[in-house]
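The structure comes first, and the points follow by topic.

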Amino acid sequence: MQAFEYANPTSLKEALGMLSSQWGEADILAGGTDLLSLMKEYIHTPKRVINIKGIKELGGITKTAAGLRIGATATLDELTESAAVRTEYPSLHQAAMGVSSPQIRNMGTVGGDLCQRPRCWYFRQGYGILGQEKGKSLVPDGENRYHAIFPKSQAYFVNASSLAPALIALGAKVKIAGPNGNRELRVEELFVVPSSNAARELALAPNEILTEIVVPSARGVKNATYEVRQKEALDWPLVTASVAIRMKGSSVASAKVVLGHVGPTPVVATAAEQMLTGKSLTQDVATEAGKSALDGAQPLNGNAYKVQLARVAVKRALLEAAKARG
Amino acid sequence: MSKHHDELDEKAPPKGGFSRRGFFRGVGVTSGALGSAILGEQEADAAQAAGAKIGPGAVPVSLNINGKVHNINVEPRVTLLDACRNHLDITGAKRVCDRGTCGACTMIANGKVIYSCTVLAVDAQGKQIQTIEGIAAAARPHPLSTAFVNNDGQQCGYCTPGFVMAAKGLLDKNPSPTYDQVKAGLGGNLCRCGTYVGVRKAVLEAAKAMKGAKNA
Amino acid sequence: MPNYSWPPMSTRKAIGQRLSRHDGLEKSTGKAKYNSDLNKPGMLQSALLTSPYAHARVRSIDTSAAEKAPGVTAVRVIATPGTELQWQSQEIAIVAASTEQAARDAVRLIKVDYEVLPHVVKEEDISKVGNRAKPAGEQLTGDPDKAFKEADVVNEGHYGIPVLTHCCLEPHGQVVQWNGDQVNYWPSTQNVSGIGGDLAKNIELPATAIKVHQDHIGGGFGSKFGSDRWGVEGARLSKASGGRPVKTFLDRATELNIAGNRPSAYARIKMGAKKDGTIIAWESTSWATGGMGGGALPPIPYVITNIPNRRLNHSAVATNGGPLRAWRAPNHPQASFLTCAAVEDLAAKLGMDPIEVFVKNIEYAPEARRESYVHQFKKAAELAEWSKRWHRRGDSGSGPVKRGLGVGICSWGGAGHASTCNARINPDGSVDIELGSQDLGTGTRTIIAQVAAETLGLPVNAIKVKLGDNSLPPSNGSGGSTTVGGVSSSTRIATVNALDQLFEKVAASLSTTADKLEAVGGKIQVKGDPAKSLTWAAACRKLGTQSIAAQGQNNPRNPLGLNTQGVAGVQIADVSVDVETGVVKMNRMVAVQDCGLVVNPKLAEGQVTGACIMSICGALMEERVMDGQTGRVLNPDMEFYKLAGAADIGEIIVHMDIREELDKRGVIGLGEPPTVGGVAAIANAVANAIGVRVPIIPLTPDRVLRALEERRSA
């Protein structure tokens, strides 16, 4: 780890003043579960590390009539312990429990889960976010079993967030504070495809801080997340599907189907959403939706199995949601 | 881990952003690289409390470990685990993966199990840290430690302190776990010798023993 | 000569007891000090610079900036200009400094100019390794061509098992202090008595100059015998730093990349059999790598070795990866998997139960073990509910989750190694047992105490065992499952010798002669006349001020019937496979294992259980992933170099095959044999569950789904 200057601001304003307008100069420290590893590998070599856990306004989870407000530094453990999350947002609870290490859940924050960097092993070995050597991605001809089946241009890594698919399916937004004030993004807009090895995969400026996540009320919304993981102990999901379904009688009024760990950003499965509308959630319909969700997948030479896994994940998430009250 | 060393030089000097002077402005910290304690303790507390910037050189860090306050001088980049192992000779927690995966470094901070390899020592200040050395009174071992022996939940023993701490975190939260809850509670720890069968039994046995003790 | 033989099973008091390990509480309270825990006064830390390339030549190296870096006391170049680096993470230079951070900072200031050379790091497809494959020459027995023609059923398959790493939780390394003409050496080692000599030879000092001490080791599995480059360079750094102690323990990535691996094994195997299951022909083309030395031919056909007609061709493939080291039962898990998978596939084609096929062909196994295997198949089948749960391949019902059973077998030697033990009986009644051995977590300390207690008729906790220092009488390194046989025998001999001396001292006071005495239940008494006795304490008081010291040696060439070699074991796996996701879950593993005389069944069961769990990791998730383009290891971590967790292993049922006729053979090592059959059992269980062979280990979702897909499209 390269030496750095450490700051422990207690107000958002103070923290914003410590950030840099260039990537790489300063890093925001919350749970640290990703950042410290990145720094130990010299993937990140910030000159300054700004701990934001001392900023009270960034913490906590509150339930209001309008929905759920999750502070960026609320931990995954707080999320799983929240009664409101358990009852109204099972998909979020399931997604957080998918991080099957209690230690990570105690340390890792919701904001950090969204802002963590990809686990692509070429990235982690120092080949940049696009995993390139001499301007060419190492992924298509390399070891790509965990990589994207929905690659975008030269980006083959997969978004690593456990919570993003659920948050997107639930219609959540993130609030972002910056030098010029605050802004809001839908969670799906937070993730972008980097155009070069120097670019980032988040729609955040280097001097902005993600401050909170706002999830609309999910009353009446059946929701579930299904992860395919090889291990029950701490392990990265191979694929994730999260669904949020509004019913009208026994048929689907509207559906959100989002896939995780399949592309450089979470993938909203529009075709499956459309296909589901007006149908009842039977085994056959769920299977069909799984197929639609993977329309257009472009697997690499070593990861076609993820297409199958994602189909199954969509099917199982839908059937799980169908069982849920809501 | 070794990287492409030919690339490193480019990364070394700060390119814009902060000037080195900017680093130290307002805090009075000099760049003394090694072991040179710069700030008085009070100053450091004041500086940290005010959210000011410290480092990158060694800074005074105050850690409350097993109920005792330890004052050391370490750089902000030193982890809680390394501070304990290299500066305080508290070596029960082990450094194995050093990347927050294996759980051998597990400690309890404010009642929650954490990977101490992935927490900065400066960031652990103000917390009640518990390590394997501090879970039992000197006279009698913790029921978990005893249960690990009874059930042979250890071989080489290098993962064992981490497992005991993870199990303690679990039982603190859930004194009567089911078998499945025990398995899930140990989801953040790995063993290479393959002692899980004994470990799982040990946690259930300790849960029973601890409840018995409470009722008595 | 005194009678050293083991007391009969029925009269044993300490041996055979299910005792907890003596150092257990030290470990589970965090008090146990491993050498990686040491903080010596004035100790320096170090960091290695290692190769980023799988194959390169060092053109030049410039350490000047590192030498001037703050806190640095010494820099040593390991790979001088011109050195050809043959694998990623090969050592280039090492720095000692006042803190780890300073050492690592300094390493990053070393400038190396590399000439990058072409590499080969992948061997699964042998057609792509070019001249890196070195054929070993054909081994021919009988007339396989003719036999295949005569066979009623011929089955051909391909199988593979990748390179694994040891992944010891305590990394390799040491604290070392070279001060004047003496070196104090605190390594993490399986070889307390021998490693000093290894270091000495590399730093040109007499072996007697090296003082080795180690109380505990955090895993070795066959990879920690030598002083290693980092040991040698650590010593030199210490000397160059004015004799201050220097600590070097590898970081996880370096540990996984260069501190040892188990070689791969790939094979195309053809077997021919008669309708009744009698195997008559074997043909295999195999290849393996464990780095630039390639990988040896695993002992195939395994156990059923003497198939009458066989043709074997093997190639060692040189790859630019870290060099192999012994890994619990070298080459046996690979051989067991290759053989048992081929037999299972053949049985499926024959429409037979694979256990029947094994039993049918048991005459091809060494004669001494045949009965054991048959007995163990039966016992394992009973424990695994084979007759109820086994089904014909793929015949596992509707629904996405398929359950299946599979079997694997093991064999191993495990004779006791050379070991010397000092036993001292003190006037205060205390007993000291000293050996320059090591307890790898196998329970060596505990079983030594049990043996001594048995001989001396004392409670086990009356025995003080001292290990872990090369000033103690030498024992060989703990490898090849040789320790328990070696140390139990030397301890038995030493304690019998010591006791005979005690008998001599006290015989007169009991008005008898030494040969009429026995030590039982804390007393020295006249055989057949227990009324004439002295308590142990009273007997020892008669020593006055002089302790009794006696020595015992296990001579591997003449172990006096105390230890021997040759064990059998059978494992059955019971798995559930989700055929929609390819995820394999363990329901349970059954292991039936023989190891002769079992000194401590509790610890023995722990060894077997642990070995089963290691097999589960190896069968389902462990794999060193190499990148063909960059030549780098892509998963030198514990996140993608996957190990099973507490929830991933199902239930483990261990049955130690303890029988009078096996017991009387003497003590046999156990560390290795139970690691052998598990991968085969799990792979066969998956084939049984899903109806198709998943040829390449580990059985990850992608491979399981691919096998199912290939069957569908076939």
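Strand S24 (residues 523–526) of chain C is joined to S25(C) by four bridges, and the two strands run antiparallel. This is a predicted model, in which local features need pLDDT of at least 70 and side-chain atom pairs count only at pLDDT 80 or more, while totals for chains, interfaces and linings use all residues. Residues are numbered from 1 along each chain as its sequence is written, chains are lettered from A and ligands numbered from 1 in the order in which they are written, and side-chain values use heavy atoms, with hydrogens and water left out.

**Sheet**

- Helices (H or I, at least four residues) and strands (E, at least two) are DSSP runs numbered from the N terminus, and two strands pair if DSSP finds at least two bridges between them.
- Across the pair, Gln525(C) is opposite Ser533(C) in S25(C).
- The open sheet has three strands in the order S23-S24-S25 (chain C), and the pairing is antiparallel.
- Strand S23 (517–520) and strand S25 (529–535) of chain C are the edges; each has a single partner strand, so one side of each is without a neighbour in the sheet.
- On average, neighbouring strands of this sheet are turned by 35 degrees against each other, direction ignored.
- H13(C) packs on the sheet and touches S23, S24 and S25 of chain C, its direction making about 120 degrees with that of S23(C).
- Contact here means heavy atoms within 4.5 Å.

**H12 and H13**

- Axes are lines fitted to C-alpha atoms, for helices over the stretch in contact, and angles run from 0 to 180 degrees between N-to-C directions.
- Helix H12 (residues 444–456) and helix H13 (residues 483–506), both of chain C, pack at about 30 degrees with their axes 9 Å apart.
- H12(C) is therefore roughly parallel to H13(C); angles under 35 degrees count as roughly parallel, over 145 as roughly antiparallel, 65 to 115 as roughly perpendicular and the rest as oblique.
- Residues of H12(C) in this contact include Ile447(C), Ile448(C) and Val451(C), and those of H13(C) include Val484(C), Val487(C) and Arg492(C).
- The contact residues of H12(C) with H13(C) divide into nine nonpolar, six polar and one charged.
- Ala, Val, Leu, Ile, Met, Phe, Trp, Tyr, Cys and Pro count as nonpolar, Asp, Glu, Lys and Arg as charged, and the others, Gly among them, as polar.

**H5 and H6**

- Helix H5 (residues 192–203) and helix H6 (residues 228–240) of chain C pack at an angle of about 60 degrees, their axes 10 Å apart.
- That angle makes H5(C) oblique to H6(C).
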